[in-house]
Amino acid sequence: MVVSVLEEMRIRSLGVIDDAVVELSPGFTAVTGETGAGKTMVVTSLGLLLGGRADPALVRIGAKAAVVEGRVLVRDGSPAALRAEEAGAELDDGALLISRTVSAEGRSRAHLGGRSVPVGLLGDLADDLVAVHGQTDQQGLLKAARQRQALDRYAGDAVAVPLTEYTAAYRRLRTVSAELDELTTQARERAQEADLLRFGLDEIAAVEPRAGEDAELASEAERLGHAEALASAASAAHAALAGNPEDPEGVDAGLLVGGAQRALDAVRSHDPALASLAERLGEIGILLADVAGELAGYADDLDADPLRLAAVEERRAALTQLTRKYGADVGAVLEWAEQSAARLAELEGDDDRIGELTAERDALRAELGGLAQAVSDARAEAAARFAEAVTAELASLAMPHARVTFDIRQTEDPDGVEVGGRTVAYGPAGADEVELLLAPHPGAPPRPIARGASGGELSRVMLAVEVVFAGSDPVPTYLFDEVDAGVGGKAAVEVGRRLARLARTAQVVVVTHLPQVAAFADRQLLVEKTNDGSVTRSGVTVLEGEDRVRELSRMLAGQEDSETARAHAEELLATARADS
């Protein structure tokens with residue numbers, strides 16, 4: 001049962017298309033038209049709807065933006081419906097509305113079920129909705145890496161589970177090997193770094209600086225260097241406040257303040273204001289006495305010892321040597337020492353670390369060998385089934401004697417991992433080199449399809465591979481963009497017949513130039529240009545009856561009214577109806 005159907009798309013200002021609506025059959029839809037009419041824009045539009053890259057060059061000249069809107073019927077509980085609901089999208093009578101806008105400046109917006117969503121979400125939906133295959137995918141199948149990916153996809157969990165474990169071990173081995181290489185190849189540089197750190201730490205340890213010591217010594221040096229001036233100033237200030245013992249008749253501040261207080265005390269009872277002032281004079285007298293006492297003590301304690309000054313300057317010079325090399329001040333020097341001690345411990349532990357990493361690397365290589373063997377065994381088992389299924393499909397595509405096989409091999413490498421008793425090269429996807437081989441007829445040796453398949457044979461191999469996938473890992477909709485290139489005659493009829501059978505269990509949309517393929521479609525759409533070179537809403541037409549015969553005649557002979565072509569077209573349609 002098909003879980004979703006792409007019902008229609010509206011395309012505006014995209015490439016040669018001005019405004020067109022594409023109504024699709026739930027079964028097999030063929031899109032035909034003259035070369036350059038815009039058939040491939042159908043594929044491009046679907047790619048945009050499903051999160052494809054937005055290219056501003058696709059926007060029609062003179063338009064502000066290209067807009068593609070799609071309506072997809074989805075079944076409740078299907079993966080696409082659940083994913084849409086998680087994003088907050090709402091269904092419209094069982095249909096999911098998808099919209100993509102691409103501005104001429106390159107900005108892109110996406111909407112799903114009436115809600116603005118990230119474009120990436122449309123890409124996630126694509127896995128549940130549509131498989132798109134064009135000529136670029138066909139060429140991709142020529143690459144060994146794509147052939148291996150196709151085999152792994154067919155194998156499913158049998159390969160995916162051990163390959164996931166292999167990939168994790170492979171990444172860890174890369175990390176361990178990189179660190180080990182760094183430790184061993186940079187041993188000289190690391191030894192030099194360690195020597196420099198030891199020298200610096202020894203130099204700092206010899207001085208034994210204390211945090212803040214440089215500021216303390218600077219202050220002491222300033223005081224000792226001006227000891228005589230400081231002592232003279234303190235003595236003069238003390239004499240001004242408390243008097244000079246050598247001048248008993250002299251006047252000082254304390255004596256004057258005391259006299260002022262006594263004068264006010266004599267009359268303070270007559271006016272409270274004077275009483276308050278007298279108290280304040282008393283406080284001043286006490287303060288003057290305190291300051292005078294501290295000045296006397298400062299002068300007595302002041303050390304003018306030149307030996308102490310020399311010692312302080314010597315210590316400051318030692319600290320300056322450190323701050324020139326290791327930090328702006330003593331605090332920065334101590335911080336450098338802490339960090340350098342940690343780094344030195346790390347460097348001195350390199351030998352132990354090298355031993356640990358070497359042991360881990362060897363264990364990982366052994367583990368990788370076992371996992372690579374498991375992946376290889378699973379691939380070999382799946383390859384036999386996959387090749388047999390594709391070969392059977394080719395028989396129904398007018399290649400009855402063709403045979404497809406897989407060549408799974410490893411390349412010996414002394415620096416590789418041990419697989420099956422041999423040391424072989426390995427990579428992120430295992431140790432296998434996978435190549436798809438084709439023997440097109442009995443007696444022909446199997447050759448890589450990149451060298452042994454014609455264009456028509458490659459198209460049918462691609463279709464056969466996709467049909468096999470449809471049975472093992474189905475999606476609701478398949479879109480093929482001229483994958484029948486190079487096919488003609490009876491082979492083209494068989495391609496059309498096989499696509500029609502695929503459409504019994506899935507929606508199939510084919511952009512084709514072959515009348516033999518189009519004749520098998522449940523619905524045929526004609527894309528045609530108007531006189532101004534654009535495609536309008538009326539430029540995408542559902543062909544029925546006489547109109548379909550005329551289009552098939554054009555595709556057959558280039559002449560819509562040729563009686564011979566018309567007879568052939570009607571015969572093709574009759575063959576397709578009889579086969580349905």
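Predicted model: local features only at pLDDT ≥ 70, side-chain atom pairs only at ≥ 80, totals over all residues.

**Reading the model, feature by feature**

Colleague: Where is Gln524 found, and which side chain does its polar contact join?

Modeller: Gln524 is in strand S16 (residues 523-527); helices (H or I, at least four residues) and strands (E, at least two) are DSSP runs, numbered from the N terminus. A polar contact is a pair of N or O atoms within 3.5 Å; within protein, one must be able to donate a hydrogen and the other to accept it, and residues adjacent in sequence count only if both atoms are side-chain atoms. Here the side chains of Gln524 and Thr32 are joined at 3.2 Å. Contact in general means heavy atoms within 4.5 Å. Setting aside neighbours within four places in sequence, Gln524 has contacts that include Ala30, Thr541, Leu543, Arg548 and Met555.

Colleague: And Gln507, which side chain does it join by a polar contact?

Modeller: That partner is Thr477, with a polar contact of 2.8 Å between the side chains. Gln507 lies in strand S15 (residues 507-511) and counts as buried because its relative accessibility is 0%. Among the residues Gln507 touches, not counting those up to four places away in sequence, are Val5, Leu24, Pro26 and Tyr478.

Colleague: Now helices. How many residues of H1 are buried?

Modeller: Seven of the ten residues in helix H1 (residues 40-49) are buried, so H1 is mostly covered. The buried ones are Met41, Val42, Val43, Ser45, Leu46, Leu48 and Leu49. Just after H1 comes Gly51, with a positive phi of about 85 degrees.

Colleague: Which residues of H2 are buried?

Modeller: First the general idea: an α-helix has 3.6 residues a turn, so residues three or four places apart point the same way. In helix H2 (residues 79-86), the buried residues are Ala80, Ala81 and Ala84. Their arc around the axis is only 100 degrees (taken from the directions from the helix axis to the C-beta atoms), so they sit on the same side of H2. Their cover includes strands S4 (65-74), S5 (95-103) and S6 (108-112), together with helix H3 (119-129).

Colleague: At what angle do H5 and H14 pack?

Modeller: Helix H5 (residues 144-155) and helix H14 (residues 350-395) pack at about 90 degrees, their axes 9 Å apart. Axes are lines fitted to C-alpha atoms, for helices over the stretch in contact, and angles run from 0 to 180 degrees between N-to-C directions. So H5 is roughly perpendicular to H14; under 35 degrees counts as roughly parallel, over 145 as roughly antiparallel, 65 to 115 as roughly perpendicular and the rest as oblique. Among the residues making the contact are Leu151 and Tyr154 of H5, and Arg379 and Phe386 of H14.

How values were computed: Residues numbered from 1 in each chain as written. Heavy atoms only, no water. Buried < 20%, exposed > 50% of the residue type's maximum accessible area, 1.4 Å probe, protein only.
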